[in-house]
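Please look over the sequence and the model first, and then follow the account below.

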Amino acid sequence: MDVTQIDTRHGTNNQHSYSNGNTLPYTSVPWGMNHFVPQTTNNNGSWFFHPNDHTFQGFRLTHQPSPWMGDFSHFLLTPISGPLANYDLFFAQSSYRPNEAIFNPHYLKIKQLRYQITSELTPSTYGAKIRASYTKNENHALLFSAENISYIKVDEQKNRVLGYVQNFAGCADKEFKMHFILEANCPFDLANTGHPKDGTFILNPNQPIENQFFQIGFLGTTPKTVEISLATSFISPEQAKLNLERQAHMDFSATKKKAFEKWNAYLNKIQVSDSDASKVATFYHCFYRTALFPQRFYEYDENQNPIHYNTTARQVAPGRLYTNNGFWDTYKTVFPLYSLLIPEEYEKMLTGFLNSYRETGYLPKWLSPDERGLMPGTLIDAVVADAAVKGIGTNLMTEFQEAMLKAATTQSDKENYGRRGALDYNKLGYVPASYHESVNHTLDYAYSDFCISAVAKTLGNKTLQKEYEERSKNYLHIFDKETGFMRAKDKEGNFRTPFNPFSWGKDYAEGSAWQSSFAVFHDFLGLKEAYGSDLFLAKLTELANTPPKFDVSGYGYEIHEMSEMAMIDFGQIALSNQPSFHLPYLFQYAKRPAYTEVLIKQAVNQFFNAGFDGYPGDEDNGSMSGWYIFSTLGFYPVTPGSGEYVFGIPAFENVRIELPNDKVLTLETANNTPAHQFVKARFRDKEPIKSLFITHSDLIRGGHLKTTLGLVPEEREITQAELPFSLSEYE
């Protein structure tokens with residue numbers, strides 16, 4: 001499948017109260033600095049696109065990673081023809097036929113029926129090319145609009161418009177700007193160019209204007225096609241010009257071809273084939289989503305050195321930087337996928353995350369554009385540890401260890417940085433109930449402590465390794481054996497009462513005790529011992545078989561994640577949200593692989609498709625897509641930082657994975673029918689595999705993995721050595 005077969009409207013049928021992905025139809029290059037979306041409404045907040053709308057308001061340059069984060073540095077470009085009764089998006093918008101439009105990752109094409117304009121856009125790393133084909137014999141123009149503050153001036157000699165926008169949901173720099181430059185391939189009609197006012201146009205205002213429009217008129221006869229080159233910069237107007245000049249040699253078609261090639265280079269890293277074409281389509285739509293975030297937040301100066309804007313110091317700084325990423329979501333799937341496919345790009349991202357640490361004193365948690373501090377934990381620790389054990393960015397690990405220890409030992413006076421409640425955690429061994437979502441904080445810190453120990457091990461620091469291995473067992477402080485759940489405690493060590501395992505929020509993040517109590521990624525055998533071996537399996541079985549009911553008391557109302565869990569009706573395994581991604585795989589640790597296999601096969605077949613309602617919940621920066629990718633390949637990174645993947649059940653007859661070391665890994669599945677729901681046997685280059693996991697080092701050496709499926713589970717004795725990684729077993 002190539003990029004022309006991907007419809008970016010995948011998962012875009014959403015509203016604030018229910019999510020089928022909460023995605024936007026992004027057109028960009030992989031990890032580009034800007035995304036572009038056809039805006040269909042300006043009356044629905046962050047949900048400014050809906051696939052069933054028939055209105056087109058313009059191409060929106062956007063940096064919105066999630067509707068829950070909001071947008072920053074955004075504006076709208078709308079080709080128009082003829083006069084407007086009023087300069088308002090309602091008066092400027094046009095109808096279009098969604099079924100005739102093209103929504104590809106590298107190319108947008110929309111026919112504006114009101115104006116009879118065919119509008120096209122193709123992206124570059126730092127901008128885009130827009131092509132507007134006018135047919136009506138009326139004034140032809142491009143309408144610019146931006147929320148909050150914008151400033152524009154015209155260079156009529158070079159057919160350029162230069163300016164900046166100043167709009168963001170949150171930023172350390174309250175004057176944070178994005179500079180832009182537009183250049184047309186035809187002369188401007190100055191009589192129809194400028195800020196509209198009382199039937200005329202103000203060409204070059206002396207000050208920024210708030211919530212305004214700017215019209216760029218074009219000279220020429222009808223019909224005509226105008227090409228507009230766009231470049232942006234977070235650094236300066238001069239850098240925006242430099243970014244524009246570097247793409248000046250490429251016209252629309254050449255830019256489109258280059259974007260096409262960039263996408264296909266990524267998408268062809270995994271080649272799947274199967275008799276069920278719908279599954280293949282779903283796979284590649286998900287695969288596209290994994291190359292959107294994090295976005296570049298750096299540019300190249302005149303000497304081709306990477307530079308970026310430091311929003312904390314409010315100055316330009318050397319080196320790379322990235323934005324629009326929530327590590328609470330992406331550490332589980334996206335970065336492990338990068339470790340397998342694009343380790344060099346992964347290492348570049350690591351250098352960017354280190355720059356965030358150097359500039360703020362803490363590693364990032366949720367960047368948009370800078371630290372927003374959302375969600376529990378400091379789970380970039382898992383991104384670092386997974387890279388360390390896989391030999392990625394090894395020269396960076398000494399400084400990363402310093403950064404991880406800073407968060408583990410020093411509590412910031414700014415809540416959005418580092419570990420919340422770090423001092424209490426270090427004193428008590430848990431985060432007390434006085435902190436919001438204290439259970440998830442405790443569990444995430446325990447896992448991060450394991451990640452620190454994993455990095456220390458790669459650096460040969462045995463003392464630190466042992467210290468943080470011990471700290472990683474802190475999850476036991478909040479385990480209540482009587483109920484079998486992780487529960488919040490006060491500073492005196494008393495569990496919060498009364499206790500309702502179905503109550504969402506308060507002590508738990510986007511879930512209840514059911515979804516949160518098994519987040520012991522590094523030590524499931526230790527958790528199993530805490531339960532007692534038989535009770536661990538019984539609790540997992542109860543988790544799966546308990547209806548998806550919930551109590552709203554922690555939030556006071558029904559949040560969309562509750563609704564989505566109820567809709568998929570998959571017990572308390574809320575695969576509609578990130579905290580549950582690993583839950584089906586835990587039966588492997590309980591020596592019941594058949595349970596994992598049937599759950600995964602049901603989930604990938606029932607909850608995902610390539611349509612507008614393609615996901616069972618928020619997709620979140622490629623995280624849910626990454627879950628689907630791994631789960632259909634047949635192995636999943638339950639414990640980033642261990643170097644292992646837990647086996648599940650593959651979904652495709654044949655897969656070819658092109659590895660970055662010029663080797664190839666092929667996957668073959670025999671008896672791959674809906675009725676065959678269990679793994680009968682696995683082979684590695686014709687040698688049988690008995691273990692329930694495979695290592696990263698084994699995968700990247702290439703070769704052939706064959707899985708034969710069966711109609712009923714194969715009963716056999718599973719030894720302890722065949723179980724996946726757990727700290728209690730590997731000490």
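The account opens with an open sheet of three strands in the order β21-β22-β23, in which the pairing is antiparallel. Strands here are DSSP runs of E with at least two residues, helices are runs of H or I with at least four, and both are numbered from the N terminus; two strands pair if DSSP finds at least two bridges between them. The edge strands of this sheet are β21 (298-300) and β23 (315-318), each of which pairs on one side only. On average, neighbouring strands of the sheet are turned by 40 degrees against each other, direction ignored. Strand β21 is joined to strand β22 (residues 306-310) by three bridges, and the two run antiparallel; within β22, His308 is the bridge partner of Tyr298.

The model is a predicted one, so that local features need pLDDT of at least 70 and side-chain atom pairs count only at pLDDT 80 or more, whereas totals for chains, interfaces and linings use all residues. Residues are numbered from 1 along each chain as its sequence is written, and side-chain values use heavy atoms, with hydrogens and water left out.

**The chain as a whole**

The chain holds 20 helices and 36 strands. Its C-alpha atoms fill a box of roughly 80 × 55 × 50 Å, taken along the principal axes. Because a compact globule of 731 residues would have a radius of gyration near 27 Å, the 26 Å of the chain agrees with that expectation; the radius is taken over C-alpha atoms, and the globule rule is 2.2 Å times the number of residues to the power 0.38.

**Further strands**

A second open sheet to consider has five strands in the order β1-β3-β4-β10-β17, again with antiparallel pairing. Its edge strands are β1 (35-39) and β17 (213-218), and each pairs on one side only. The twist of this sheet averages 25 degrees from one strand to the next. Inside the sheet, strand β3 (residues 58-62) and strand β4 (residues 75-81) pair in the antiparallel sense over three bridges, and Phe75 in β4 is the bridge partner of Leu61.

Strand β33 (residues 678-684) has pairings with two strands described here. With strand β36 (residues 703-710) it pairs in the antiparallel sense over six bridges, and Gly710 in β36 is the bridge partner of Phe678. With strand β34 (residues 687-688), β33 pairs in the antiparallel sense over two bridges, where Glu687 is the bridge partner of Arg684. Strands β33 and β34 form a hairpin with two residues between them, and Asp685 in the turn has a positive phi of about 50 degrees.

Two packed helices are described by the angle between their axes and the distance between the axes. Axes are lines fitted to C-alpha atoms, for helices over the stretch in contact, and angles run from 0 to 180 degrees between N-to-C directions.

The axes of helix α7 (residues 343-360) and helix α9 (residues 397-409) come within 11 Å and cross at roughly 45 degrees. Therefore α7 is oblique to α9, given that angles under 35 degrees count as roughly parallel, over 145 as roughly antiparallel, 65 to 115 as roughly perpendicular and the rest as oblique. The contact, meaning heavy atoms within 4.5 Å, is made by Leu350, Leu354, Tyr357 and Arg358 of α7 and by Met397, Glu399, Phe400, Glu402 and Ala403 of α9.

Helix α7 and helix α8 (residues 380-389) pack at an angle of about 135 degrees, with their axes 11 Å apart, and therefore α7 is oblique to α8. Here the contact is made by Tyr346, Leu350 and Phe353 of α7 together with Ile380, Val383, Asp386 and Ala387 of α8.

Asn159, a residue other than glycine, has a positive phi near 55 degrees, and its place is in the loop between β11 (149-155) and β12 (160-166).
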